[in-house]
Amino acid sequence: MTPSATILGGIAGTTLTRSERDFFRSADPWGFILFARNVDSPDQLRRLTGELREAVGRDALITTDQEGGRVQRLRAPHWTEWPAPLDQAGAGARAMWLRYALIGAELRDVGIDSDCAPTLDVAQPDTHPFLRNRCLGSDPETVATLGRAAADGLLAAGVLPVMKHMPGHGRAIADSHHGLPMVTADPADLESLDFAPFRALCDLPMGMTAHIRFTALDDAPATASARMIALIRDRIGFDGLLMTDDITMNALAGSEPERARASIAAGCDLVLHCNGTIAEMEPVVAAAGPMSPQARRRAAAALALRRPPAAFDRAALMAEWRALTAATA
């Protein structure tokens, strides 16, 4: 059976209800995404990730947003509290590798094998506050260097990175959770700054789109624009598995099923639906349809990189990370 072209996050609590289990068995999403509402303790989270995989009858990918700072779903007292990425970007690539290797180890311990990170958007002076300190720097070279370190740290821990938000969210001065940001920069400037980190890391296995309209390139937001998805594939060179940003965000027009249909038609491989009831997820799954042959090929290539984690001395790595970042604390 071909999985649905979806990653679903509409899990209400810390355990699966019978109706959720039955729905996921029938819908067969390719993967799942977890949020703070799903997290209580390590043992509970291991049970939940096991229940999700049992529901679909395979070792489905389970992701979350564990960037640090405001965007961190697993928190103290059971997990490390990480500063916002930009706050410690000055500590360098080794510190960034250590940070994400340790994040990855904490995730993998509880059955989460993907992280929606690194954020490769280039921070600008007027980048909206919802995004700015989640970035890794204000120039594309630094962002690419630190993004590579972050991705390599996650991969070493057996966790698949998802670089975001393609092809670049850094110029947005609006919050795409509430409306559609417009970027008016000309194509040459976008090529040299916004797109550059994604081009440098185009070999990574997974990416996430931006709900942004680039006015010089298309009238539709990148997530629903065939022209922008072609740019991601051809000019940036990314042939990995491409998911949408959350389609329940208000940047996209139309109903959620219409958003899902438009995203798949534009060339996205998977629709990410983060918040909703079973009644809201059902029509989205129907609209997204089964994964295409190209999406299945890219998914297989991504999952082939989901390797057993390296044997870490976590205490030593944490001590080194603290020493390297002490000056930025």
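How much space lies in the largest cavity? I get about 40 Å³. My grid is 1 Å over the protein atoms alone, and a cavity is a set of points where a 1.4 Å probe fits but cannot get out. I join points across faces, edges and corners, and a volume is the space filled by probe spheres set on the points.

**Ground rules.** I am working on a predicted model, where local features need pLDDT of at least 70, side-chain atom pairs count only at pLDDT 80 or more, and totals for chains, interfaces and linings use all residues. I number residues from 1 along each chain as its sequence is written, and side-chain values use heavy atoms, with hydrogens and water left out.

**Cavity.** I count one cavity of 30 Å³ or more. I find Q88, G92, A95, M96, R99, W321 and T325 lining the largest cavity; a lining residue has an atom within 4 Å of a point. The top contributor is α3, with three residues. I take helices (H or I, at least four residues) and strands (E, at least two) as DSSP runs, numbered from the N terminus. By class I see three nonpolar, three polar and one charged residues in the cavity lining. My classes: Ala, Val, Leu, Ile, Met, Phe, Trp, Tyr, Cys and Pro are nonpolar, Asp, Glu, Lys and Arg are charged, and the others, Gly among them, are polar.

**Pocket.** A pocket is an open set with protein on both sides within 12 Å along at least five of seven lines. The largest pocket holds about 340 Å³. I get 21 lining residues for the largest pocket, with D65, R73, H177, D245 and M249 nearest its centre. That lining splits into nine nonpolar, five polar and seven charged residues.

**Whole chain.** I count 11 helices and 13 strands in the protein chain. The radius of gyration (over C-alpha atoms) is 18 Å, close to the 20 Å from the globule rule (2.2 Å times the number of residues to the power 0.38) for 329 residues, so the chain is as compact as a globular protein of that length. The C-alpha trace spans about 50 × 50 × 30 Å along its principal axes. Buried residues (under 20% relative accessible area, 1.4 Å probe, protein chains only) make up 58% of the 329. Of the contacts (heavy atoms within 4.5 Å) between residues at least 6 apart in sequence, 77% join residues at least 24 apart.

**L8.** I looked up L8 in strand β1 (residues 4-8). Is L8 buried or exposed? L8 is buried, at a relative accessible area of 0%. Leaving aside neighbours within four places in sequence, I list its contacts as F23, F24, P29, G31, F32, I33, H273, M281 and V285.

**Helices α7 and α8.** In α8 (residues 256-266) I find P257, R259, A260, S263 and A266 buried. Their cover includes α7 (226-234), β13 (271-273) and α9 (278-288). Just after α8, G267 takes a positive phi of about 125 degrees. In α7 the buried residues are M228, I229, L231, I232 and R233. They pack against β8 (163-166), β10 (206-209), β11 (213-214), β12 (241-243), α8 and α10 (293-303).

Definitions and conventions
Buried < 20%, exposed > 50% of the residue type's maximum accessible area, 1.4 Å probe, protein only.
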